[in-house]
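Subject: Handover of a structure and notes on its side-chain contacts

Dear colleague,

Please find below the structure that I am handing over to you. My notes on its contacts come after it.

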Amino acid sequence: ALHRTVHLATLVFPKRQDRILLTTFTRNLAADLGTSLDRICPPEARERVHVVNLDGLLGECLRAQGSPWALAYGEVGEDLLRAAVRLASPEPDRPVSFYREEWEGVVLPQGLRTREAYLTARRPGRGTPLSRRGRERVWPVLDRYRRLLEEGGLREPEEAFRDGAALLGRRDLPARA
């Protein structure tokens with residue numbers, strides 16, 4: 001990838017206005033790739049190469065369009081989910097892990113935002129049957145979790161990627177130089 005990027009930046013897209021984007025899944029690898037490019041890429045070409053991980057690129061795109069969201073990773077999301085369980089269900093009959101799996105396996109993939117949508121949503125692969133009454137007890141926790149995320153200016157990465165895809169699908173985006 002490094003040598004291909006140098007080739008593209010120096011021979012295929014050598015103009016000052018040309019830009020090259022090199023992406024990866026992890027922040028650490030993006031940093032390592034950037035450091036390596038600094039060593040092997042001529043400075044005038046290197047300044048036209050942007051190296052970033054996908055989540056970072058998503059954040060850049062959303063911020064450029066005025067989105068207020070930051071991504072909720074790891075313990076931040078887990079702390080908020082635990083708080084949602086405590087606040088919405090003083091005597092929860094399910095472990096926090098159940099709500100996490102329900103969020104990631106049902107709510108996020110289907111883009112569910114309302115109680116009504118959740119009550120009628122399919123739950124493929126969940127293994128744990130959930131009656132309508134059970135769903136009515138689960139939804140307040142999931143809804144509270146979403147509200148806690150929003151109050152904190154946060155989005156789960158999957159929702160942020162959905163926002164980014166919707167943004168890219170818009171026809172009224174201004175062209176960037």
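Predicted model: local features only at pLDDT ≥ 70, side-chain atom pairs only at ≥ 80, totals over all residues.

Residues are numbered from 1 along each chain as its sequence is written, and side-chain values use heavy atoms, with hydrogens and water left out.

Salt bridges

The structure contains 19 salt bridges, a salt bridge being a side-chain nitrogen of Lys or Arg within 4 Å of a carboxyl oxygen of Asp or Glu. One of them joins Arg123 to Glu102, with the closest N and O atoms 2.7 Å apart. Arg123 lies in the loop between helix H7 (115-120) and helix H8 (132-151), and Glu102 in helix H6 (residues 96-110), so this pair ties together parts that are 21 residues apart in sequence. Helices (H or I, at least four residues) and strands (E, at least two) are DSSP runs, numbered from the N terminus. Arg123 counts as buried at 13% relative accessibility, and Glu102 counts as buried at 0%. Here buried means under 20% relative accessible area, exposed over 50%, and partly exposed in between (1.4 Å probe, protein chains only).

A salt bridge also forms between the side chains of Arg113 and Glu150, at 2.8 Å from N to O. Since Arg113 lies in the loop between H6 and H7 and Glu150 in helix H8, the pair ties together parts that are 37 residues apart in sequence. Arg113 is partly exposed at 42% relative accessibility, and Glu150 is partly exposed at 30%.

Arg146 and Glu159 form a further salt bridge, their closest N and O atoms being 2.6 Å apart. This pair links distant parts of the chain, with Arg146 in helix H8 and Glu159 in helix H9 (residues 157-169), 13 residues apart. Arg146 is buried, with a relative accessible area of 5%, and Glu159 is buried, with 7%. A network of salt bridges links Arg113, Arg146, Glu150, Arg155 and Glu159. The side chain of Arg146 also reaches the backbone oxygen of Leu112 at 2.8 Å.

Aromatic rings

A pair of aromatic rings is described by the distance of the centres and the angle of the planes. There are 3 aromatic pairs in the structure. In one of them, the ring centres of Phe98 and Tyr99 are 5.7 Å apart and the planes stand at 85 degrees, so the pair is edge-to-face. Rings of Phe, Tyr and Trp (its six-membered ring) pair if their centres lie within 6.5 Å; planes under 30 degrees apart count as stacked, over 60 as edge-to-face and the rest as tilted. Phe98 and Tyr99 are both buried.

The charged end of Arg94 sits over the ring of Phe98, at 4.6 Å from the ring centre. Likewise, the charged end of Arg135 sits over the ring of Tyr118, at 5.8 Å from the ring centre. A charge sits over a ring if NZ of Lys or CZ of Arg is within 6 Å of the ring centre and within 35 degrees of the ring normal.

Other residues

Glu156 is located in the loop between E4 and H9 and counts as buried at 7% relative accessibility. The side chain of Glu156 makes a polar contact with that of Tyr145 at 2.2 Å. A polar contact is a pair of N or O atoms within 3.5 Å; within protein, one must be able to donate a hydrogen and the other to accept it, and residues adjacent in sequence count only if both atoms are side-chain atoms.

Leu154 belongs to strand E4 (residues 154-155) and is buried, with a relative accessible area of 14%. The C-alpha atoms of Leu154 and Asp143 are 14 Å apart, the two residues being 11 residues apart along the chain.

Glu104 is in helix H6 and is partly exposed at 42% relative accessibility. From C-alpha to C-alpha, Glu104 and Arg170 are 26 Å apart in space, and they are 66 residues apart in sequence.

Yours sincerely
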